[in-house]
Amino acid sequence: MKNLNRVAFCIFSFLYLSQVIKGNDDDDEKEPESIEEEMYGVKYAKHCEVCKYLVVELETRLSETGKTHEVIEIGYELDPSARKKTKYVKSELRLLESLEGICDRLLDYNIHKERKDSTRFAKGMSTTFKVLHDLADKGVKVELGIPEELWDKPSAEVTHLKMQCENLLEKHEADIEDWYFNHQEVPLKQFLCIDKALQKGDTECLDENFVPPPPQEKNAKGEKNKKKSKKSPKKNEKQDTNKKGDTKDEL
């Protein structure tokens, strides 16, 4: 019995220590991101966001490369007649050319910090930086801690998004090939993100779309009041001319 108890104790101790070590490793992985987010406001992309924008860019690239009706030859035979011919649209060459540098396209994105969901990653200048550029153009000194020529360079979140995209692509390249050759009737977002890359419950961002805020009613009312105030002097002028005309008639 004592030997069995010792064995059980050793097994329990081993399992406990392995869980502690694993927990520490997980903390070490999460710690740098949490520190950067806390100190500098850096919020890296979630897995859902990475898959979402990989799909967006790949679908865009495939639509660009799919406009041609070119027929290409496949094979290395010296006799051209022995080579197989296939449509470029259905070829492996098109897929390879579409995937080449696909994650580099994410460097054209910017962080729109005024948005709280996955649409914070988007092309075009953010509202915040538009205001800052306007102030700088008017001669206002704007202190951001970085030179003005670096304002429009990819942020830490965007450069990290590119790296995350490359990791995801490397891990699921075979799945993308399978979709391209065999399952294009299924949306790529469904096939890659929902069915392969993401866990259940981690797919909410896939359906998030940016909705521009409605125009402010106060400004609209203010403009109407201004227009009315501009018209009022004309009425006063007409009244003055009528009064002058009345005085002449009386004389």
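Mentor: Let us take the bonded cysteines, which, numbered in sequence order along the protein chain, pair as 1-6, 2-5 and 3-4. This is a predicted model, in which local features need pLDDT of at least 70 and side-chain atom pairs count only at pLDDT 80 or more, while totals for chains, interfaces and linings use all residues. Residues are numbered from 1 along each chain as its sequence is written, and side-chain values use heavy atoms, with hydrogens and water left out.

The count comes to three disulfides, a disulfide being a pair of cysteine sulfur atoms within 2.5 Å. Cys-48 counts as buried because its relative accessibility is 3%, and Cys-205 counts as buried because its value is 8%, where buried means under 20% relative accessible area, exposed over 50% and partly exposed in between, with a 1.4 Å probe and protein chains only.

Cys-51 and Cys-193 form a disulfide with their sulfur atoms 2.1 Å apart, and at -100 degrees about the S-S bond their link is left-handed. Here too distant parts of the chain are linked, since the pair joins Cys-51 in helix 2 to Cys-193 in helix 6, 142 residues apart. Both Cys-51 and Cys-193 are buried.

The remaining bond is that of Cys-103 and Cys-165, with 2.0 Å from S to S; its -75 degrees about the S-S bond again gives a left-handed link. Cys-103 sits in the loop between helix 3 (92-99) and strand 3, whereas Cys-165 belongs to helix 5 (residues 156-182), and the two, 62 residues apart, link distant parts of the chain. A relative accessibility of 4% is why Cys-103 counts as buried, and a relative accessible area of 1% is why Cys-165 is buried.

Rings of Phe, Tyr and Trp (its six-membered ring) pair if their centres lie within 6.5 Å, and planes under 30 degrees apart count as stacked, over 60 as edge-to-face and the rest as tilted. Tyr-53 and Tyr-109 are both buried. In the pair of Tyr-180 and Phe-181, the ring centres are 4.9 Å apart and the planes stand at 85 degrees, so the arrangement is edge-to-face as well. Tyr-180 counts as buried because its relative accessibility is 4%, but Phe-181, with a relative accessible area of 44%, is partly exposed. Tyr-53, Tyr-109 and Phe-121 together form one aromatic cluster.

The C-alpha atom of His-112 is separated by 9.1 Å from that of Gly-124, 12 residues apart along the chain. Ile-72, in strand 1 (residues 71-74), counts as buried because its relative accessibility is 13%, and its C-alpha atom is separated by 8.4 Å from that of Ser-91, 19 residues apart along the chain.

As for the whole, the protein chain has seven helices and four strands, and from the N terminus on its elements run α-α-β-β-α-β-β-α-α-α-α. Of its 251 residues, 24% count as buried, and the cysteines discussed above include Cys-48, buried at 3% relative accessibility, and Cys-165, buried with a relative accessible area of 1%.
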